[in-house]
Amino acid sequence: MINFVVENNKNNENLDKIRKLVVTGTTAVLVVYLVTLAGFLGWGAYWSRRESKATASFVQKSAEVDKLAEQEVVIRKLSDRLDAINAFLDSRSNLTTLSATTVGENISVGGWTFEASGKVKVRALGQGVDEIKLFSDNMVQKFSAVSADSITWSPTDGWVGNISVKGLKNVQ
Amino acid sequence: MYSNSIVFKFLWVLYPVVVIFLILFSLGELSSGGAGKLEALVKKQDEAAVEEQKLNVLQQKLDILRQTDVKVESENLAWTTKAVPAGKEVWLMMAELNNAASVSGAVLSSYTGTVGDVVEATAAASVNDVPISLEVEFKVTDFAQLQKIISVLEKSLPLVSIAKVNFSNGSVKLSIVGAWSGWGKAASEALTPLPEYKDKLANLKIRLQEYATLPEVMVSSGSGQAVNPF
C-alpha cells in the first residue's frame with residue numbers, strides 16, 4: 001500500500017513556503033510603493049503650497065509697487081536722463097583741450113579749423129622756418145596723425161605753416 | 001466541501017494580484033495627465049521656483065521704491081534736465097552763446113539754425129529727433145578769444161557740442177549742436193527691474209561740478225508744454 005499522506009504533507013509544506021514568500025514579497029512591495037507614493041504626493045503638496053504662497057505674496061507686493069508708481073516714474077526718468085547726458089558727453093569732442101594743445105611757443109595761430117571728423121588744421125605764423133618746424137615736431141609728439149600741408153613765406157605774413165593734426169594722444 | 005477547501009487554500013494568491021492591480025491602476029491614474037496628476041506634481045516645483053524668483057525681483061524693486069524720496073529725486077531730475085533738456089531749448093542755446101561772447105569779449109555777429117518742433121516731446125507725442133543745430137559767427141581779436149569761447153561753451157548747461165570750427169581773419173564760425181532728449185515711455189510692467197542710477201548720478205555730479213548754468217535758465221516742466229525762455 002502506497003502512503004499518500006506523506007506526499008500530501010510534503011506538498012502542503014512547499015505550498016506554505018511559497019505562500020509565505022509571495023505574501024511577504026507582496027507586502028514589502030506594497031509598503032515601498034505606499035511610502036514612495038505618500039512621499040511623492042507630500043512633495044507635490046509642499047511645492048503646491050509654496051507656489052500658492054508665492055503667488056499670493058506676489059499679488060500683494062504688486063499692489064504695493066503700484067502704490068509707489070510716482071517713485072518708479074521719477075527713477076526711470078532720472079535714469080534715462082543720466083544716460084542721455086553721459087552719451088552726449090562721451091560723444092562730443094573736447095575742443096578746450098584740443099585748442100590748448102595746438103598752440104606753440106614763438107608761433108601765433110592765424111587760422112584754426114576743426115572738422116566733424118576730428119581733424120584740426122592750424123595756420124601757424126612764425127618768425128622763421130625753424131619755429132614752424134619746432135611746432136610741427138611738437139604736434140608729432142601730441143597727435144597720432146600730423147601733416148604739414150604747406151609752408152610758405154610772404155612779406156605780409158612771414159613764415160606760415162599749414163599743419164593738419166588728428167588723434168590727440170592720451171586724451172581723457 | 002473539497003472545492004471550498006481548495007479555494008480557501010489558494011485565497012492568498014488574490015493578495016498579490018490585488019496589490020499589482022492597485023499599483024498599476026494608481027500609476028495609470030497618476031500618469032494619465034490632467035490636474036493633480038504625476039506630471040503636474042513634477043511641474044509644481046518648477047512653477048513654485050519661477051513664482052519665488054518673480055517675488056524676489058518684486059521684493060528688491062519694492063525695497064528700492066520704499067527708500068526713494070520723491071522730492072530729492074525730483075530735484076535731481078530737474079538738475080539733469082538742465083543739462084539735457086526734454087525739449088529743443090534753442091533760446092537757452094542762444095543765451096549760452098551770448099554768455100560766451102560776453103565772457104570772452106567777442107562779438108556775436110550772427111546765428112542761424114535748424115530747430116524743428118520746439119514743443120517738449122512727451123511719451124505720447126511723436127519725437128522730432130532732428131538735433132538743434134546752430135551756425136554761429138563771432139568777431140574775435142585772436143585765437144585766445146576763440147579758446148575762451150570754446151571753454152565757456154563746453155562748461156555750460158544745457159550741454160552743447162561744437163561740431164565745427166572755422167577761425168580766420170578775426171572771425172570764427174562755429175557749428176553748435178544742442179543736447180536734448182524727449183521723455184521716454186516708462187516701463188509699466190511690475191516685474192521690470194528698476195535701473196541702477198545712484199552711482200551714475202554721483203559720478204555725473206562730480207563730472208559736471210564745474211559746469212555753469214545760466215542764471216535765467218528755465219528748465220522744462222515735463223508737462224509737454226513749450227517752455228518760454230523769456
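Guide: What follows is a set of questions on terms and the values behind them.

Guide: This is a predicted model, where local features need pLDDT of at least 70, side-chain atom pairs count only at pLDDT 80 or more, and totals for chains, interfaces and linings use all residues. Residues are numbered from 1 along each chain as its sequence is written, while chains are lettered from A and ligands numbered from 1 in the order in which they are written.

Visitor: Why is B:Lys61 called buried?

Guide: The label needs 20 or more other C-beta atoms within 10 Å of the residue's own; 12 or fewer makes a residue exposed, anything in between partly exposed, and C-beta atoms are placed from the backbone. B:Lys61 has 22 such neighbours inside 10 Å, so it counts as buried.

Visitor: What surrounds B:Lys61?

Guide: B:Lys61 lies in helix α3 of chain B, residues 38-67. Helices here are DSSP runs of H or I with at least four residues, strands are runs of E with at least two, and both are numbered from the N terminus. Leaving out residues up to four places away in sequence, B:Lys61 touches A:Val65, B:Pro193 and B:Leu194. Contact means that the C-beta atoms, placed from the backbone, lie within 7 Å. B:Pro195 is 134 residues from B:Lys61 along the chain, with 9.7 Å between their C-alpha atoms.

Visitor: And A:Asn162: why is it called partly exposed?

Guide: A:Asn162 has 17 other C-beta atoms within 10 Å, so it is partly exposed. A:Asn162 sits in strand β4 of chain A, residues 158-168. Its contacts, not counting residues up to four places away in sequence, are A:Lys121, A:Arg123, A:Asp149 and A:Ser150.

Visitor: How do you know that β1 of chain A and β4(B) pair?

Guide: Pairing requires at least two bridges found by DSSP between the strands. Strand β1 of chain A (residues 107-114) and β4(B) have four, in the antiparallel sense. A:Gly111 stands opposite B:Ser168 in β4(B).

Visitor: Which element gives the most to the side of chain B that touches chain A?

Guide: In total, 58 residues of chain B are in contact with 52 of chain A. On the chain B side, α3(B) gives the most, with 14 residues. That side divides into 33 nonpolar, 14 polar and 11 charged residues. Ala, Val, Leu, Ile, Met, Phe, Trp, Tyr, Cys and Pro count as nonpolar, Asp, Glu, Lys and Arg as charged, and the others, Gly among them, as polar.

Visitor: How does chain A compare with a compact globule of 172 residues?

Guide: The globule rule is 2.2 Å times the number of residues to the power 0.38, and the radius of gyration is taken over C-alpha atoms. A compact globule of 172 residues would come near 16 Å, but chain A has 47 Å. The C-alpha trace of chain A spans about 155 × 55 × 20 Å along its principal axes. Of the 172 residues of chain A, 22% count as buried.

Visitor: Where do the domains of chain A lie?

Guide: Domain 1 covers 1-68 and domain 2 covers 95-168. Such bounds come from an automatic or database domain assignment. The C-alpha centres of the two domains of chain A lie 91 Å apart.

Visitor: What makes the span of α5(B) agree with expectation?

Guide: The expected span is 1.5 Å times one less than the number of residues. Helix α5 of chain B (residues 90-104) has 15 residues, so it should span 21 Å, and its end C-alpha atoms are 21 Å apart, which agrees. B:Gly105 follows α5(B), with a positive phi near 85°.

Key: Contact = placed C-beta atoms within 7 Å.
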